[in-house]
Amino acid sequence: MGVRTTLMATTAVALSVALAGPAMAAEPVGKDHTATREALRAAVDDGVPGVTATVKDGGTTWSTTAGVGNLRTGKPRSADDRYRVGSITKTFVSTVILQLEAEGRLSLDDKVAKWLPGVVEGNGHDGSKITLRELLNHTSGIFNYTADDDFGTAYFTKDGFFQHRYDTKSAADLVAIAMTHKPDFAPGTSWNYSNTNYVLAGMVIEKVTDHSYETEIRHRIINPLHLKATSLPGTRVTVPHPSSRAYSKLARTPTGPTYDVTNLNPSIASSAGSLISDSSDLDRFYGALLRGELLPPKQLKEMKTTVATGEGGDATRYGLGLADVTLPCGVHVWGHDGGIHGSSSVAVTTADGRHSLAFNFNGDWSGDAGAVVVGEFCGE
């Protein structure tokens, strides 16, 4: 959410570097996870306290962990760890919007102002010119509230975080922060990742259904898929057990003291990044999504219609809450990353939904997530 360190950032860099090297032929996957395991261990060597990962490949499941889940006690991480998934929440929110479109209750071409009149306005923002599609694919131009300097000081620096970690923020509060800034660009003319887009999407879900986005995600996704480790915490500050601690430097550099940031009020992430899950549930969700179990063909096609992001060349493109990453070996994986205090996660799957990987670092300042993805889908 606030700290994008994986698919849309670090992975893009890692993949662009890899693409500059010798091309590797796509080999049958699922034979071995040696490269994945080595990449996860390398992340721990690089400073990540601990990692947990689960792969589902056809009818087989493989999990591994490395490092520790608690720096004070030395307790190891668990394959069943629940963790804050950050912006992976966006795929869940987008899925609900697309389900509502399939039901005829809204259109992706609807203007934001139709559902949220008077909410997106000021300093050049105009919700009457922005479509729901532009929210979901980050082409709206709406300013990203987590990029606001005061917000950053309050929630991403040491002094600010420990003073404000239990603050409750409404969705309207977060959008209001964005409206104090000018838009990044005119709607539909460029791309920029903005958490505000998905706070607004959550507000649209509530307006259309008369239920919160949390209720709709539970009803439409979590319960039907039996995602028993997945939850929307609201303002609950703790992570359900089993879980590990989450750590951050609370600084712009990867040096200095390490702080336990596990407990926080996730309302600051809202529908842009508040979800909690585990690796097995994320594999199940993305696999089901890409297999067409959650959306009709028309809406799944819309979700997979991508735009250029400018990150990692053309190796990373973005659909509706779903990224398409082309790996060095030619394999396409679909999914999302998520970063929130002390937690950095990736969940991806192949286009047929058969081979899925989800993993989490319980530190937000180091570790090569791109190497893990490449290891699983391009290695042996």
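Trainee: Where is Pro 242 found?

Mentor: Pro 242 is found in the loop between α10 (213–222) and β6 (247–248). Helices (H or I, at least four residues) and strands (E, at least two) are DSSP runs, numbered from the N terminus. The model is predicted, so local features need pLDDT of at least 70 and side-chain atom pairs count only at pLDDT 80 or more, whereas totals for chains, interfaces and linings use all residues. Residues are numbered from 1 along each chain as its sequence is written, and side-chain values use heavy atoms, with hydrogens and water left out.

Trainee: What makes the peptide bond from His 241 to Pro 242 cis?

Mentor: Its omega is near 0°. In general, most peptide bonds are trans.

Trainee: Why is His 226 called exposed?

Mentor: Exposed means over 50% relative accessible area, buried under 20%, and partly exposed in between (1.4 Å probe, protein chains only). His 226 has 56% relative accessibility and therefore counts as exposed. His 226 also lies in the loop between α10 and β6, and its phi is positive, about 55°, although it is not a glycine.

Trainee: Why is Leu 250 called buried?

Mentor: Leu 250 has a relative accessibility of 8%, so it counts as buried. Its place is in the loop between β6 and β7 (259–260). Leu 250 is a residue other than glycine with a positive phi, near 50°.

Trainee: Why does Thr 305 count as partly exposed?

Mentor: The relative accessibility of Thr 305 is 45%, so the residue counts as partly exposed. Thr 305 belongs to the loop between α13 (297–303) and β9 (307–308).

Trainee: Which residues does Thr 305 touch, not counting residues up to four places away in sequence?

Mentor: Contact means heavy atoms within 4.5 Å. On that basis Thr 305 touches Tyr 318 and Gly 319, with residues up to four places away in sequence not counted. Thr 305 and Gly 319 are 14 residues apart in sequence, yet 5.2 Å apart in space, C-alpha to C-alpha.

Trainee: What is known of the strands β9 and β10?

Mentor: Two strands pair if DSSP finds at least two bridges between them. Here 2 bridges join β9 to β10 (residues 316–318), and the two strands run antiparallel; Ala 308 has Arg 317 in β10 as its bridge partner. The open sheet has 8 strands in the order β2-β1-β14-β13-β12-β11-β10-β9, with antiparallel pairing.

Trainee: What makes β2 and β9 edge strands?

Mentor: Both β2 (60–67) and β9 are edge strands, each pairing on one side only.

Trainee: How do you know that Ser 277 is buried?

Mentor: The relative accessible area of Ser 277 is 0%, so Ser 277 is buried. Ser 277 lies in strand β8 (residues 276–277). Leaving aside neighbours within four places in sequence, the residues in contact with Ser 277 include Asp 81, Arg 82, Tyr 83 and Thr 230.

Trainee: What joins the side chains of Ser 277 and Thr 230?

Mentor: A polar contact of 2.8 Å joins these side chains. The term denotes a pair of N or O atoms within 3.5 Å; within protein, one must be able to donate a hydrogen and the other to accept it, and residues adjacent in sequence count only if both atoms are side-chain atoms.
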